[in-house]
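Have the model open while you read this. We'll walk through a few spots worth a look.

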Amino acid sequence: MCRLRTCAQCMTRQPAGDEDVVTEPLTRIYRLIDRVTGAAYSRQNHERLARTPRAVFQMENPIAWTAIFGYDVNRYLTDPQFYVEQTLTQMLWRWENFSDDAMPLTLELPAWLGHYPEYTFVGLGVEFNGRGVPIIQADHPLTRHPDLDFLKPVCFESSGWMPRILRWHEDIAKIVDGRMKVVFNMVWWRGCLDLAVQLRGYENLMSDAAERPEFVHGLLEFLTAQRCSWHAAFTRHFGRPLEPADIGDDWINVPFITPRFFAEFVLPRYLELEAFHGGVSHIHSCGNQAPVQKHLLEIRGLMEFEVSPWTSLTETLDNIPVDKLLVISLHPNDVLCAQPARMKAQLLEIARGCAGRAWRVQTSGLTPLTPDTAEFVERVRVWTSIARSLLQHDHIM
């Protein structure tokens, strides 16, 4: 037996005794792990690990991958061996296609079931079409009657997808068998506002704010309390400490909500999360956050602020103190449709505007716009090359 635990030759031998025979899919998985391990220990990856990336691109998961590899996402999210093999394949695809990528490769494999598991915890159905587009239930009884009795307390072990989630994590851990770190990437991330809008309906919730504000407070308080209870059970189950909250609320999007609505109904819940978790690490919204940024500053421990493609960087620079990190997200069109001159001008404008403060750039999730994967790769390569050449140094002329 060789010293490298992930050696595929060793792992495909016939085991002795009552041990399970290594199957062909597992053989492929072990070989992929060998390749990921080799890449992770390469000189190129060590160079990436040694520096903090200033600009990185993100893939729209899982939609981009279904477009590139042509699989049905429902198989991806139900067959654990296929999930592991395909996830490793995707890691290597990115590594092998983008030499200018600033994102280091790690020996971590996410256990993941899409972006929406917490919707199921509160009684909403979630499905996906073959491409990975989510289909979330929009006719919960709460949409018809503003009655909190329709909602049930969330149980960490049994609510919604939780049995499936725990089994999925166990299955993936068994497949990987210690050869990589399996990261539980199915935590309750979604904020109370997004869940409330999905449960009640946007127009109903906005009317409630004017006609029965006590109901809106009660709904958001309930959802926040259930989230805290879930995270407490999560830390007990896995024997790990409670970490600062990471929140995703795409309905933080002025004018769909007003700054007054945010301050009255949402901010108090975020302050509850800060108190419970001991901090808030990040708040995400794809929408226009600039008009509520001064309210977000009331979350004292929040040290980084996302600037979405729909949020003005100019307003953000006026609103946010220089000691806070800015995470600037670019629209996919800024990568997949823009000409190189425009890419360069945009990145230089960002760098000059953010001079003297901490900042980084990331793209929103990228998906091929045509069936031509080679064209997609080339467009992303152009952007990463320009970003690396312009932004690898702190001083921008």
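This is a predicted model: local features need pLDDT of at least 70, side-chain atom pairs count only at pLDDT 80 or more; totals for chains, interfaces and linings use all residues.

Residues are numbered from 1 along each chain as its sequence is written, and side-chain values use heavy atoms, with hydrogens and water left out.

Start with R190, in the loop between β5 (181-184) and α9 (192-200). Helices here are DSSP runs of H or I with at least four residues, strands are runs of E with at least two, and both are numbered from the N terminus. R190 has a relative accessible area of 4%, so it is buried. For the cut-offs, buried means under 20% relative accessible area, exposed means over 50%, and partly exposed is in between (1.4 Å probe, protein chains only).

Which residues does R190 touch? Setting aside residues up to four places away in sequence, they are H115, Y116, E118, Y119, L195, R227, G248 and D250. A contact here means heavy atoms within 4.5 Å.

R190 also makes a salt bridge with D194, where the closest N and O atoms are 3.0 Å apart, and both of these residues are buried. Another salt bridge pairs R190 with D250, at 3.5 Å from N to O. D250 sits in the loop between β6 (245-248) and α12 (259-277), so this pair ties together parts that are 60 residues apart in sequence.

## Salt bridges elsewhere

How many salt bridges does the structure hold? The count is 16, with a salt bridge taken as a side-chain nitrogen of Lys or Arg within 4 Å of a carboxyl oxygen of Asp or Glu. One of them links R75 and D79. R75 is partly exposed, with a relative accessible area of 46%, and D79 is partly exposed as well, at 26%.

| Salt bridge | N to O distance |
|---|---|
| R75 and D79 | 3.7 Å |
| R190 and D194 | 3.0 Å |
| D250 and R190 | 3.5 Å |

In soluble globular proteins, nonpolar side chains tend to be buried together. In this model the largest nonpolar core has 119 residues, and L88, Y270, I328 and W383 have the most contacts inside it. Helix α11 (residues 213-238) supplies the largest share of this core, ten residues. A nonpolar core, by the way, is a set of buried Ala, Val, Leu, Ile, Met, Phe, Trp, Tyr and Cys residues joined through side-chain atoms within 4.5 Å.

Leaving out neighbours within four places in sequence, W383 is in contact with A55, V56, F57, L330, D334, V335, M343, L347, V361 and T363.

Helix α16 (residues 340-353) has 14 residues and reaches 20 Å from first C-alpha to last, close to the 20 Å expected. Its buried residues are M343, Q346, L347, L348, I350 and A351. Among the elements covering them are α14 (313-319), β9 (325-330), α15 (333-336), β10 (359-366) and α17 (373-391).

G353 also lies in α16 and is partly exposed, at 37% relative accessibility. The C-alpha atoms of G353 and T314 are 7.9 Å apart, though the two are 39 residues apart along the chain.

## Cysteines

With a disulfide defined as a pair of cysteine sulfur atoms within 2.5 Å, the count comes to zero. C192 is buried, at 7% relative accessibility. For C337, the closest cysteine sulfur is in C286, 17 Å away, again too far for a bond. C337 is partly exposed, at 41% relative accessibility.

How values were computed: The expected span of a helix is 1.5 Å times one less than its number of residues.
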